[in-house]
Amino acid sequence: MYCNVTAAPSVISDPADVTVSESDPVQFTCGYALTLPEPTGPTWRISDRSGRVRIANETSIPGARQSRYSILSVEPSDAGNYACLVTNEFDTASSIPAVLIVHCQNQ
């Protein structure tokens, strides 16, 4: 006999803060527990310096539903807070946001 235990999702490793120079690549990673029902995600919540919030998912940014979120060439407008969200039918779990600081190149 098997017993299925259901649970809300949980984030088990938060993305780390990163400081880079403009045009450098950056990657955030997020670890989450596999639960029943299986969680979807993660998706990434991005809050820029102006306070604007956007959700990055596989529709808006290819690959954003993976546990890694990459930017190949960082721009100053990419600076902000990056958190991963993991969802199942019971709840949504959020990581502690990572801060991305971008140093501008001298003109």
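Q: What kind of model is it, and what is the mean pLDDT?
A: It is a predicted model. The mean pLDDT of the protein is 85, and 87% of its residues reach 70 or more.

Q: Which elements have the lowest and the highest mean pLDDT?
A: Strand β6 has the lowest, at 81, and strand β2 (residues 18-21) has the highest, at 97.

Q: What does β6 pair with, and in which sense?
A: Strand β6, residues 53-56, pairs with strand β5, residues 40-48, in the antiparallel sense. The pairing runs over 4 bridges. R45 stands opposite I55 in β6.

Q: How many residues are between the strands in that hairpin, and which residue takes a positive phi?
A: There are 4 residues between β5 and β6, and G51 takes a positive phi near 95 degrees.

Q: Switching to charges. How many salt bridges does the structure hold?
A: The structure holds 1 salt bridge. R52 forms it with D48, and the closest N and O atoms are 3.2 Å apart.

Q: Buried or exposed, for R52 and then for D48?
A: R52 has a relative accessible area of 51%, so it is exposed. D48 is at 18% relative accessibility and therefore counts as buried, since the cut-off for buried is under 20%.

Q: Next, the largest nonpolar core. How many residues does it have, and which have the most contacts inside it?
A: The largest nonpolar core has 17 residues, and V26, F28, Y69 and L100 have the most contacts inside it.

Q: Which strands supply at least two residues each?
A: Those are β2, β3 (26-29), β5, β7 (68-71), β8 (80-87) and β10. Strand β10 gives the most to this core, with 3 residues.

Q: Last topic, S95. Where does it lie?
A: S95 lies in the loop between β9 (92-94) and β10 (98-103).

Q: Is that residue buried or exposed?
A: S95 has a relative accessible area of 5%, so it is buried.

Q: What is S95 in contact with, leaving aside its neighbours within four places in sequence?
A: S95 is in contact with V11, D14, P15, A83 and C84. D14 is 81 residues away from S95 along the chain, and their C-alpha atoms are separated by 5.3 Å.

Q: And what lies 2.9 Å from a polar atom of the S95 side chain?
A: That is the backbone nitrogen of C84.

Terms used
Residues are numbered from 1 along each chain as its sequence is written. This is a predicted model: local features need pLDDT of at least 70, side-chain atom pairs count only at pLDDT 80 or more; totals for chains, interfaces and linings use all residues. Side-chain values use heavy atoms; hydrogens and water are left out. Two strands pair if DSSP finds at least two bridges between them. Buried means under 20% relative accessible area, exposed over 50%, partly exposed in between (1.4 Å probe, protein chains only). Contact means heavy atoms within 4.5 Å. A polar contact is a pair of N or O atoms within 3.5 Å; within protein, one must be able to donate a hydrogen and the other to accept it, and residues adjacent in sequence count only if both atoms are side-chain atoms. pLDDT is the predictor's confidence in each residue, from 0 to 100. A salt bridge is a side-chain nitrogen of Lys or Arg within 4 Å of a carboxyl oxygen of Asp or Glu. A nonpolar core is a set of buried Ala, Val, Leu, Ile, Met, Phe, Trp, Tyr and Cys residues joined through side-chain atoms within 4.5 Å.
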